[in-house]
Amino acid sequence: MDWYKDKRVVITGGSSGIGKATAVLLAQWGAHCCIIGRDKQRLDGALREIRSKAQNKASAQKIIAVSGDVSDRKQLNTAAPAIVRDLGGIDILINCAGITYPAYIDKIPDAVWDSMINVDYMGTVNSVKAFLPYLIKQKYGHIANVSSVAGYMGVFGYAAYAAAKFAVVGFSECLRQDLLPYNISVSVIYPPDTDTPQWHEENRIKPPETKALSGNIKVMRPEQVAEALLKGIAGRKFTIVPGGMNKFTWFMNRHLPGVVWKIVSGDLHKYWRKHPVNAP
Ligand SMILES: NC(=O)c1ccc[n+]([C@@H]2O[C@H](COP(=O)([O-])OP(=O)(O)OC[C@H]3O[C@@H](n4cnc5c(N)ncnc54)[C@H](OP(=O)(O)O)[C@@H]3O)[C@@H](O)[C@H]2O)c1
C-alpha cells in the first residue's frame with residue numbers, strides 16, 4: 001500500500017505474532033518502523049526478519065528495535081524521545097503488546113489479574129501517554145489499539161483478559177473524542193483466534209469449555225489480521241473487525257445479545273452434558 005511509504009510507525013509487541021506481521025507488511029510497503037518488546041533475543045530475530053523484507057534495503061528506510069516493558073511507564077517515557085528522534089518523527093502508534101492467561105475464574109492467580117491490567121490495559125495507556133505529546137504538537141497522527149473478541153464479548157475462561165481488553169475499548173472511545181481537535185484518529189482492532197505463539201501457548205492451558213466454545217471457528221493467520229489492521233488505519237476506521245465469522249459475531253453481539261447468550265450458554269450446557277466429569 002503506497003499510503004504507508006515513508007510513514008513513521010511505532011509498534012509495541014512488534015517482535016512476535018500480529019505485531020511482527022504488521023511490521024513486516026509496513027517494511028514491505030516502505031514505512032519506517034520501530035518495534036518494542038521485552039525479550040532482546042526475540043527482538044533481534046524479528047528485526048533481522050523485518051529488515052530482510054524491507055522495500056528499500058539501503059539504510060534510508062529506518063527499521064529499529066527497542067527493548068522495553070510497556071507496563072513500566074518510566075521505561076517508555078525514557079525511550080520515547082530517542083525512538084522519535086531515530087525514526088525522524090512519528091505518524092502512527094500501534095499498541096499490540098499483550099499477554100493472556102485463560103483459566104477457570106477461581107483458578108486465575110492474583111498475579112495474573114494484576115498482569116492483565118498492567119500489560120494489556122495500562123501498557124496501552126502508558127504507550128499512548130509516552131508518544132502523545134509528539135502527535136499533539138504536530139496536530140496529526142493515528143493511534144491503533146489492539147483489543148480482542150474478548151474485548152467486545154465475555155468468553156468463558158477469559159475473565160482477567162477480557163476485563164483488560166474491554167478497558168482498552170473504553171479508553172480508546174474516550175481517546176478518540178479527546179484527540180478530535182488535534183486531527184489524531186484512533187482505531188481499535190478486535191482480532192479473533194490468530195495463529196501466533198501466544199495462541200499456541202494459551203491452547204496449552206485453556207479450560208476445555210473455552211476450547212468447546214471456539215469449536216470450529218476458523219483461526220486467522222497473523223498476516224491477515226495485520227493487513228486488516230493496516231487497511232483500517234489507512235481508512236481511518238475506528239472499529240476494525242478482521243474475518244467474516246468475527247464480523248458476524250460482532251454484529252450479533254451488538255444487536256442481538258440475547259440470541260448470543262442463548263447460543264453460548266446452550267453450547268456450555270451441551271459440553272457439560274457430554275462431559276459430566278467437568279460439570280460444576
Ligand atoms: N493471537 C490471538 O489469538 C489474539 C486474539 C485476540 C487478540 N490478540 C491480541 O493481539 C496482540 C498480539 O498478540 P499475539 O498473539 O501476536 O502475541 P505474541 O505472539 O505473544 O506477541 C506478543 C508481543 O507482545 C510483546 N509483549 C508482551 N508483553 C510485553 C510487555 N510487558 N512489554 C512489551 N512488550 C510485550 C511480546 O514480546 P516480549 O514477550 O518479548 O515482551 C511480543 O512481541 C495482543 O494484545 C493479544 O492480546 C491476540
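Student: In which sense do β6 and strand β7 (residues 239-240) pair, and what makes this count as pairing?

Tutor: Strands β6 and β7 pair in the parallel sense over two bridges. Two strands pair if DSSP finds at least two bridges between them, so β6 and β7 qualify. One of these links joins Val 188 to its bridge partner in β7, Thr 239. Strands here are DSSP runs of E with at least two residues, and helices are runs of H or I with at least four, numbered from the N terminus. This is a predicted model, in which local features need pLDDT of at least 70 and side-chain atom pairs count only at pLDDT 80 or more, while totals for chains, interfaces and linings use all residues. Residues are numbered from 1 along each chain as its sequence is written.

Student: What makes β5 a partner of β6?

Tutor: Strand β5 (residues 141-146) pairs with β6 in the parallel sense over six bridges. In β6, Ile 184 is the bridge partner of Gly 141.

Student: Why is Thr 210 called partly exposed?

Tutor: Thr 210, in helix α7 (residues 208-214), has 19 C-beta neighbours inside 10 Å. A residue is buried if 20 or more other C-beta atoms, placed from the backbone, lie within 10 Å of its own, exposed if 12 or fewer, and partly exposed in between. The count of 19 lies in between, so Thr 210 is partly exposed.

Student: How many residues of strand β6 (residues 184-189) are buried?

Tutor: Five of the six residues in β6 are buried, and the strand is mostly covered.
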